[in-house]
Amino acid sequence: NAIVVAFDVTGSMGTIPEHFAREKLGGLMRMLVERAYIEDPQLLFAAVGDTYSDKGPFQVGQFESGLEMDMWLTRIWLEGGGGGQVHESYGLAHYFAAHHTATDCWEKRRKKGYLFTIGDEKPWDLPRAHLKTVFGGAEADLTIRQVIQQAQERYEVFHIHVAQGHHGTDPSVLARWRELLGERVLVLDDSSAVCELIAGTIGLCEGNTDLARFARDLEALGAESSRVTSVKNALSTVRRP
């Protein structure tokens, strides 16, 4: 079962990307497996920047189910760039998922994977020239809505809005994502809980947990009450597909 996690590594996110990559995301697989939220998960990590200004606007590893995940995380370049326009190229992750992944769950069982983008800014549309630079070719310019819809054909698509990012309190950012994804925008006010939020979202969508059981799981893992509350609030809009 394919899970793509793409996080913003631009300057507006401050030290949050390093916290994700170095301390948190490596534990996501363990939580998914130990709590049986989904069978046979395979994780792929990616990093998103800004195609208008960054040297490395998109970085991607491979789907892994073992220690190799940590290797890909340590190889990610935390560029800390961005163009300062309250937009980043999150759509590169959606384009990649739609056009450059082959997954067992979809191709053999027609079961969708999961795609999470994580950040604090609005998404750019994708000009054909930028797609050509990053991926080597594209037929036309794409709006962010178009590329999200393409990804949704094979993935359950979510965006985690990081309220602790520099633009996390800008209401226009959250409004834009809600225009695009509705209830699948998850607002997280404690960035240290990103692993728990992703795991809980998948567990709820798979029908393998509910909010009450998930809260008990977090408490059993030693999570502070404030973190449990933060994740429960973020999960309040999640419904099973």
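This is a predicted model: local features need pLDDT of at least 70, side-chain atom pairs count only at pLDDT 80 or more; totals for chains, interfaces and linings use all residues.

Reader: How many salt bridges does the model have, counting a side-chain nitrogen of Lys or Arg within 4 Å of a carboxyl oxygen of Asp or Glu?

Author: Side chains of opposite charge can pair when their charged atoms come close. The cut-off used here is 4 Å between nitrogen and oxygen. Under that rule the count is eight salt bridges.

Reader: Which parts of the chain does the salt bridge between Asp217 and Arg35 tie together, and how many residues apart in sequence are they?

Author: The side chains of Asp217 and Arg35 form a salt bridge with N and O 3.5 Å apart. Asp217 belongs to helix H10 (residues 211-220), while Arg35 sits in the loop between helix H2 (28-34) and strand S2 (42-48), so the pair links parts whose separation in sequence is 182 residues.

Reader: Is Asp217 buried or exposed?

Author: A residue counts as buried under 20% relative accessible area. The relative accessibility of Asp217 is 8%, so Asp217 is buried.

Reader: Where do Lys108 and Asp104 lie, given that their side chains meet in a salt bridge?

Author: The N to O distance in this salt bridge is 3.2 Å. Lys108 and Asp104 are four residues apart, about one turn of the helix, and both lie in helix H5 (residues 104-109).

Reader: Which label, buried, partly exposed or exposed, goes to Lys108 and which to Asp104?

Author: Exposed means over 50% relative accessible area, and partly exposed lies between that and the 20% limit for buried. Asp104 has 40% relative accessibility, so Asp104 is partly exposed. Lys108 has a relative accessible area of 67%, so Lys108 is exposed.

Reader: Are Glu156 and Arg184 buried or exposed?

Author: The limit for buried is under 20% relative accessible area. Glu156 has 12% relative accessibility, so Glu156 is buried. At 17%, Arg184 is likewise buried.

Reader: Which residues does Arg184 touch, leaving out those up to four places away in sequence?

Author: Arg184 lies in the loop between H8 and S8. Its salt-bridge partner Glu156 is on the list of contacts.

Reader: How far is Leu32 from Ala199 in space, C-alpha to C-alpha?

Author: Leu32 is in helix H2, and its relative accessible area of 0% makes it buried. Leu32 has contacts beyond its neighbours within four places in sequence, among them Ile3, Leu43 and Ala199. Leu32 and Ala199 are 167 residues apart in sequence, and their distance in space is 5.8 Å.

Reader: How many residues of strand S5 are buried?

Author: One side of S5 carries Gly113, Leu115, Thr117 and Gly119, and the other carries Tyr114, Phe116 and Ile118. Both faces are covered. The buried count for S5 (residues 113-119) is seven of seven.

Reader: Which strand pairs with S5 over seven bridges?

Author: Strand S1 (residues 2-8) runs parallel to S5 and is joined to it by five bridges, with Ile3 opposite Tyr114. On another pairing, Leu115 has Val157 as its bridge partner. The strand that pairs with S5 over seven bridges, also in the parallel sense, is S7.

Methods. Residues are numbered from 1 along each chain as its sequence is written. Side-chain values use heavy atoms; hydrogens and water are left out. Helices (H or I, at least four residues) and strands (E, at least two) are DSSP runs, numbered from the N terminus. Buried means under 20% relative accessible area, exposed over 50%, partly exposed in between (1.4 Å probe, protein chains only). Contact means heavy atoms within 4.5 Å. Two strands pair if DSSP finds at least two bridges between them.
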